[in-house]
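My notes follow in the order I took them.

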Amino acid sequence: MATGTIQFKTEEEIDLMRAAGQLLARAHGEVAAMVREGVTTRQLDRRAEEFIRDHGATPSFKGYNNFPYSLCLSPNSVVVHGFATDEPLKSGDILSVDAGVFLNGYHADSAYTYPIGEVSQEIRQLLKETEASLYKGIEQAISGNRIGDISFAIQNHVATKGYGVVRELVGHGVGAKLHEKPEVPNYGKRGSGPMLQTGMTIAIEPMVTLGKKDIVQEKDGWTIRTRDKKPAAHFEHTIVVRKDKAEILTSFEYIEKALQ
């Protein structure tokens, strides 16, 4: 997935990525304002693409290795890469929305998982702890640490709650290309992997399951779901490694406002 060597970004390039990240955050907000019972994921996909293109950017995912949609829309047991459909969302569902924006030559990538209507406390806790694990990972994304420090922080947080961590799908470097080096697994050992250095831009994205970690791919060649059909959650930010504290280039601010 991620190819080549690690691409360190200048402050000028980080400025461009920050702009992409902010536009992506606003696009997520547009989607969040629509997410509810009765809405179809195709409607969400259409709105996101319209908003992104109206603001002079392109959806990172549409056409990427022939992926047909602007968003990855993954309900319930679908972990990632779900297709938009005309099936209405219903109360009790959860929906992971993964989106990317390409603006002024650079990508930003982020994801958020929504509860639809009334969901069980067990599911709400899964979403809460998966999002918390994202920030645990981000806390480790500082110069001098290693990729394994991010990976361990995520895995340690969710494993102690009894959840599964998907192994086959990982975070990644991001910049002029959607997927760059290094890969950022959501499991691993402290002190392992490439060293983190200032100017590295990476997408950290825990994919956490209520049941076992095992996944299967659907016949469409994209959709990934849990083998045991139990729900999965997915949260993601694009960040830049800094000396003392990582800078988050994307944001859930507009999502949170829409959900109030």
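I began with a definition: a cavity here is a set of grid points where a 1.4 Å probe fits but cannot get out. The model is predicted.

**Cavity**

I searched the whole structure and found one cavity of 30 Å³ or more. Which residues line the largest cavity? I listed Ala27, His28, Val31, Ala48, Ile52, Leu71, Val97 and Ala99. I then sorted this lining by type: seven residues are nonpolar, one is polar and none is charged.

Next I asked which elements give two or more residues to the lining of the largest cavity. I noted helix 1 (11-32), helix 2 (41-54) and strand 4 (94-103). Helix 1 gives the most, with three residues.

**Helix 1 against helix 2**

I turned to the two helices themselves. Their axes come within 9 Å and cross at roughly 145°. I recorded the crossing of helix 1 and helix 2 as right-handed. On the helix 1 side, I found Leu23, Arg26, Ala27, Glu30 and Val31 in the contact. Helix 2 brings Leu44, Arg47, Ala48, Phe51 and Ile52. How do the residues of this contact divide by type? I have seven nonpolar, no polar and three charged.

I checked these names against the cavity. Ala27 and Val31 of helix 1 are in the contact, and both also line the largest cavity. Ala48 and Ile52 of helix 2 are likewise in the contact and in the lining.

**Second largest pocket**

I looked at an open space next. The second largest pocket holds about 280 Å³. I noted 16 lining residues, with Pro75, Val78, Phe83, Thr85 and Glu87 nearest the centre. The lining of this pocket divides into six nonpolar, five polar and five charged residues.

I traced an open sheet of five strands in the order 8-7-9-14-15, with antiparallel pairing.

Strand 9 (residues 201-204) and strand 14 (residues 237-240) run antiparallel and pair over four bridges. I found Thr201 opposite Val240 of strand 14.

Which helix packs on this sheet? I noted helix 3 (residues 121-139), which touches strand 9, strand 14 and strand 15. The direction of helix 3 makes about 10° with that of strand 14.

Terms used. Residues are numbered from 1 along each chain as its sequence is written. This is a predicted model: local features need pLDDT of at least 70, side-chain atom pairs count only at pLDDT 80 or more; totals for chains, interfaces and linings use all residues. Side-chain values use heavy atoms; hydrogens and water are left out. Two strands pair if DSSP finds at least two bridges between them. Contact means heavy atoms within 4.5 Å. Axes are lines fitted to C-alpha atoms, for helices over the stretch in contact, and angles run from 0 to 180 degrees between N-to-C directions. On a 1 Å grid over the protein atoms alone, a cavity is a set of points where a 1.4 Å probe fits but cannot get out, and a pocket is an open set with protein on both sides within 12 Å along at least five of seven lines; lining residues have an atom within 4 Å of a point. Grid points are joined across faces, edges and corners, and a volume is the space filled by probe spheres set on the points. Ala, Val, Leu, Ile, Met, Phe, Trp, Tyr, Cys and Pro count as nonpolar, Asp, Glu, Lys and Arg as charged, and the others, Gly among them, as polar. A crossing is left-handed if the near helix is turned anticlockwise from the far one by less than a right angle, and right-handed if clockwise.
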